[in-house]
Amino acid sequence: MFYLSKIELKLKEFDEVNPTFEEIILMSSLYIHIPFCKQACHYCDFHFSTSLKHKDQLVEAIGKELSMRKNELPGAVENIYFGGGTPSLLSESDLTSIFETIYAHYEVVEYPEITLEANPDDLDISYLQMLSGTKVNRLSIGVQSFFEEDLKLMNRAHNAGEAESSILLAKQFFDNISIDLIYGIPEMSVERWQANLSKALELGIPHISSYALTVEPNTALKHFIDKEIIPPVDDDLAKLHFDILVDTLQNMGYENYEFSNFGKPGYFSQNNTAYWTGKFYLGIGPSAHSFVNSTRSWNINNNPKYIKALEAGELPAKREELSRTDRYNEYIMTRLRTQWGVDLKVVETEFGLNYAAYLMDHIQAFQQQGLLKLEGDILKVTGDGKFLSDGIASELFMLNLK
Amino acid sequence: MKNIRNFCIIAHIDHGKSTLADRLLDFTKSVTERERKEQLLDNMDLERERGITIKSHAIQMVYPYKGEDYVFNLIDTPGHVDFSYEVSRSIAACEGALLIVDAAQSIQAQTISNLYLALENDLEIIPVLNKVDLQSANPDEVTDDIVDLIGCKREDVIRASAKEGIGIEEILNAIVERVPAPKGDPEAPLRALVFDSVYNPFRGIETYFRVFDGSIKKGQSIKFVATGKNYSADEVGTLKLVQFPKKEIKAGDVGYLITGIKNAKEVKVGDTITDAENPTKNAVSGFEDVKPMVFAGIYPVETDEYEELRTAMEKLQLNDASLVFVPESSAALGFGFRCGFLGMLHLEIIQERLEREFDMTVITTVPNVSYNAYTLKDKDKPIIVSNPTDLPEPTYLDRVEEPFIKASIITKSEFVGPVMSLCIEKRGQITNQTYLTQDRVELSFDMPLAEIVFDFYDRLKTVSKGYASFDYSPIGMRKSKLVKVDVLLNGNTVDALSALLHVDNAYDIGKRICEKLKELIPRQQFDIPIQAAIGAKIIARETVKALRKDVTAKCYGGDISRKRKLLEKQKKGKKRMRQVGNVEIPQEAFMAVLKLND
């Protein structure tokens, strides 16, 4: 059931407390989804509403969900993450009330990582001052690019000036800061991408999440590309940018601990790591996803319906029990994205010899092509394989023949 | 015999044949409510979905008229050009035909060719104008079309709506009054025409026949004239919704026969059944051995499913004698079968039945017709080429002949131009142009059958905005200039992608095949060159660029399930592909040549 290998446990040293083995593997995450945005980014297919009308009711409903689900997590909460949408639309009283509910109902470790996603245009002095007075101790700033043309193309709410100033300001209040950067934007030159990275490095950000611009169905971006208003996304360009990204950041002491995430030692995102290492998490709020034991569940992605259900004391969630094959497939898919890789011993003990043998059979072709490598019992994608890792994972899947 | 009426229905697809048959059965109370299903006569799933009656059936009903009971035998006919021989045999079993014409769409080519068949067989035609209730109906104009076509009187055309139940009684009365009673000698030796057969897994082949002379009795020793085989008539009877066993079926009537035959090949549509001891001297004329027109390779996607495929094909052949196949092997695809079909629809039906009834995922290769090749060594003895790889090398080849057809297309006058240019592009020669009415034109062409196989129907539909109907009949072999175009993937010839093309089209089509394959072959971890070649000469080239990115950056708030399911789907898709060398080729790529204009 638990995917943490011994090697990984060694990597995760908790010096502030002395938790037992059992406690470490049960450490859990809380994810809170704030489904509001001031305006829609052209590429986004996450769940959000641009109407703030129901914000108060929603915060109330989130509180209710938190208290209703207080017994679902088997272990202590080690990190809390406010994602969105735009969590930086939350006021001081919103945050205070949510924290009160969490601390009243959940066991939280002594020094939890508490992240709030923020848009640069929300981060003025007074908001940052307020935030630093709450339990929030980490910021994830949606910078995306330091260049005006990119921000316009993506319809971001902030401009290039705000991108930079928000970080300079945030650094006065927070040490643990992450920024998002998007690459593979049509017509983004290699020089501009390098300049973006240089700017981030110059600002001394300890954690960078970097995503290739992806064209999702039913987004404005897709529409504009179809109408030839914006040139299409080019995979070759994305790959070129990705290679520059990995080289540049690794040279500067960042580890590419997960496909899209780079951190200086001690600054890896606990929340993101949880998703890819099979740790448990509760997702609170509309459209949020949870994973506990072998059950995945997800809330309804409609704000009024979510609010209505919780007002009636119901949890508007659907759930799915994972079969052994599902869990094997997920283990392969998630672990290939991380620097910890797939542990063949874990495959054998958790899923059985059949799975281990199947996996060994199917990795050979990729080893020959130089896309996968074995380091002892640990299977990892090579540098060349990284950008193809979903396809490789899919090939290693066992098919559910239901 | 004077109270028997044998008739069939001639109609274009969707002109309402099945619905009308339904209404006739309702009206004569041949069906109880419980038994009633929509479109009774089409009982294969596939037929229902496609809206075509693929295999014909027959059904008997009793209609009281002016104090007397009349026995009606309705003989159903398939409505697609691939099955025109079967239609001709059904027509030969009747004395009358209902000609159903859609009041909005008027007469179509298929209807006309079947109508001519009926007229040649001296059938009494009862024209029925169907769907008169439709808003778009044009009853007066279409009545004119019918009068022009068959030379009847305007009052002879019955206006009906099968859907609304309008005109049904009038049709039934007309059948009694206008269709002649069968003629025949009840005392002469047995002489019956086989017009259809159906495979029943429990009882063997059920043969449907029409008795012309004499009678057929249970237990009688009988003989099939064309196959020369003798059987015992284990059971005879008439066809209602269920079978009614009887002691005897007499001259003029229609019935079924069970002899314990297990293989459809032994019962040939058009054959004559006679008495074994006292055989008839004149078998029913018009018998033909049905010959396949289109050939294609069928291979299992998984190489180890060859034996399963063989079993499935053998089972299919039991109830579809027109399917022929021989084992063949391909360097690219391994072991499979070269199959012969009546036409493209027949091919699609077989492919679908393999998937549905036998759960076999198969790869079908580019269909082709059968050619006669003559070598320099023996210029008079043809080598029959039904697989492109069998064409002798150019250095040994004297000449090649290909099958030609006479094609008839009926369209609106405004589309004559585009239809003509399509047919000329398809190497057709115009032989006739007749205005059936003011704005309906019949065009006749001689053209190579091979051109029909390649995307002809779809293009005809496109250029005529759907207002064209098409029919054809073979007119023999003609000399032609053909070359074999090979396709190379990653430098290796994939024999299953080879095609025989006319030399004038080879460059253009070779180029388009490469372009289409580029679309259909998914990007893999390396560049895949696609080349078309005639002999050693490369005539076209494209490249499927290596896959650069196959990873999504983000995971929607921990939605691992969605991501897993997406990747599972990706893997399932790959299971339907065939690995040739190190290139994975999707099923549909083997038919790429047919989709060049999509």
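Okay, let's start with E519(B), which counts as exposed at 59% relative accessibility. To be clear on the words, buried means under 20% relative accessible area, exposed means over 50%, and partly exposed is in between, using a 1.4 Å probe and protein chains only. What you have on screen is a predicted model, where local features need pLDDT of at least 70, side-chain atom pairs count only at pLDDT 80 or more, and totals for chains, interfaces and linings use all residues. For bookkeeping, residues are numbered from 1 along each chain as its sequence is written, chains are lettered from A and ligands numbered from 1 in the order in which they are written, and side-chain values use heavy atoms, with hydrogens and water left out.

So, back to E519(B): which side chain does E519(B) meet in a salt bridge? That's K516(B), at 3.2 Å from N to O. By salt bridge I mean a side-chain nitrogen of Lys or Arg within 4 Å of a carboxyl oxygen of Asp or Glu. In general, side chains of opposite charge can pair when their charged atoms come close. E519(B) and K516(B) are about one helical turn apart, because they sit three residues apart in helix α12 (residues 503–520) of chain B. Helices here are DSSP runs of H or I with at least four residues, strands are runs of E with at least two, and both are numbered from the N terminus. K516(B) is buried, at 9% relative accessible area. Salt bridges can also share partners: R296(A), E320(A), D326(A), E330(A), R564(B), K565(B) and E568(B) are joined into one network that way.

Over all chains, the search finds 53 salt bridges. One of them joins R203(B) and E235(B), at 2.3 Å from N to O. That one links distant parts of the chain, 32 residues apart: R203(B) is in the loop between β7 (191–200) and β8 (204–213) of chain B, and E235(B) is in strand β12 (residues 235–239). Is E235(B) buried or exposed? E235(B) is buried, at 16%, while R203(B) is partly exposed, at 30%.

Charges can sit over rings too, meaning that NZ of Lys or CZ of Arg is within 6 Å of the ring centre and within 35 degrees of the ring normal. R399(B) does that with Y374(B), 3.8 Å from the ring centre, and K240(B) does it with F244(B), at 5.4 Å.

On to ring pairs. Rings of Phe, Tyr and Trp (its six-membered ring) pair if their centres lie within 6.5 Å; planes under 30 degrees apart are stacked, over 60 edge-to-face, and the rest tilted. That gives 27 aromatic pairs over all chains. Take F259(A) and F387(A), a tilted pair with 6.0 Å between centres and 45 degrees between planes. They're 128 residues apart in the chain. F259(A) is buried, at 4%, and F387(A) is buried, at 1%.

Last stop, an open sheet in chain A: three strands, in the order β13-β15-β14, with antiparallel pairing. Strands pair if DSSP finds at least two bridges between them. β13 (342–343) and β14 (372–375) each have a single partner strand, so one side of each has no neighbour in the sheet. Between β13(A) and β15(A) there are two bridges, and D343(A) has I378(A) as its bridge partner.
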